[in-house]
Amino acid sequence: MFGFKLSVLFFAVVSLSKCSARSGYSCKFPPSQWCDSADIAAECGVLEQCARFNVTKPNADKVNVSLYYESLCPGCRGFLVFQLVPTFLMLSDIMNIELVPYGNAQEKEDQGKYTYVCQHGEDECLGNMIETCLMNKLGVDAFIVIFCMESGVDVLKAAQPCLGVYFPKVTWDSVMECVKGDQGNKLMHENAVKTNALKPPHQYVPWITINGEHTDDLQEKAMNSLFNLVCSLYKGDKPAACGQGLKKTPSSYCMK
């Protein structure tokens with residue numbers, strides 16, 4: 001186990017070095033402490049590697065968490081970066097997540113294709129489309145790229161470098177082919193349909209459903225500490241990570 005931890009930390013150092021070179025990211029903890037808690041792992045950018053320590057064979061249904069959001073909404077970015085992705089990386093053995101980037105956008109059909117007006121302008125529409133195409137191309141692996149994008153100062157400028165850090169063999173042109181083409185347009189329409197079918201209808205973003213259900217109580221608990229909520233809802237044996245928890249972060253919303 002000790003040798004495994006050294007191996008994980010080695011790859012963590014490499015990953016952090018790549019990110020540091022691009023964004024000036026720094027960590028105040030020594031490598032020996034990076035996997036001691038979820039908060040330290042998040043601060044040091046090594047959640048993906050440290051998550052391997054908390055693998056528990058699930059013996060009950062996983063908790064399903066869906067996030068309906070916008071790529072440039074400050075509240076959405078905060079929840080995704082500080083709650084959703086860190087929780088998923090630490091508890092991926094007992095939970096599933098779904099990202100639906102659309103939020104408070106408006107869709108209009110024009111000769112068989114769809115155009116969009118987004119709450120935070122054209123850049124947000126582009127960000128939504130990039131993240132949608134990344135998920136279509138990479139599946140669950142896209143979450144770490146989206147996390148990288150949303151944690152950057154400029155979401156759009158971070159997109160291509162973030163893809164290069166984690167998936168250097170995937171070309172940016174292949175992503176943009178989806179973004180600018182019929183495939184991306186179709187995928188965004190599916191996001192619009194899914195968002196508009198929410199019951200109750202969403203009133204703001206981030207809008208969170210747990211196992212397909214949205215209530216004010218579940219929303220509040222998820223925004224305060226999704227990590228604790230998932231641990232409390234999972235009916236099987238709890239993974240070791242559930243004893244650690246994540247820090248609470250202030251909540252904010254983008255109203256519809």
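## Ground rules

Contact means that heavy atoms lie within 4.5 Å. This is a predicted model: local features need pLDDT of at least 70, side-chain atom pairs count only at pLDDT 80 or more, and totals for chains, interfaces and linings use all residues. Residues are numbered from 1 along each chain as its sequence is written, and side-chain values use heavy atoms, with hydrogens and water left out.

Helices (H or I, at least four residues) and strands (E, at least two) are DSSP runs, numbered from the N terminus.

## The sheet

An open sheet holds 3 strands in the order β2-β1-β6, with mixed pairing. Two strands pair if DSSP finds at least two bridges between them. β2 (95–101) and β6 (207–210) stand at the edges with a single partner strand each, so one side of each has no neighbour in the sheet. From one strand to the next, the twist averages 15 degrees.

Strand β1 (residues 63–69) runs antiparallel to β6, and 4 bridges join them. Ser66 stands opposite Thr209 in β6.

## The helices

Helix α10 (residues 216–233) packs on the sheet and touches β1, β2 and β6. Its direction makes about 30 degrees with that of β6. Axes are lines fitted to C-alpha atoms, for helices over the stretch in contact; angles run from 0 to 180 degrees between N-to-C directions.

Helix α4 (residues 74–91) packs against α10 at about 5 degrees, with their axes 9 Å apart. The two helices, α4 and α10, are therefore roughly parallel (angles under 35 degrees count as such). Phe79 and Leu84 are among the α4 residues that meet α10, whose residues there include Phe227 and Val230.

Definitions and conventions
Angles under 35 degrees count as roughly parallel, over 145 as roughly antiparallel, 65 to 115 as roughly perpendicular and the rest as oblique.
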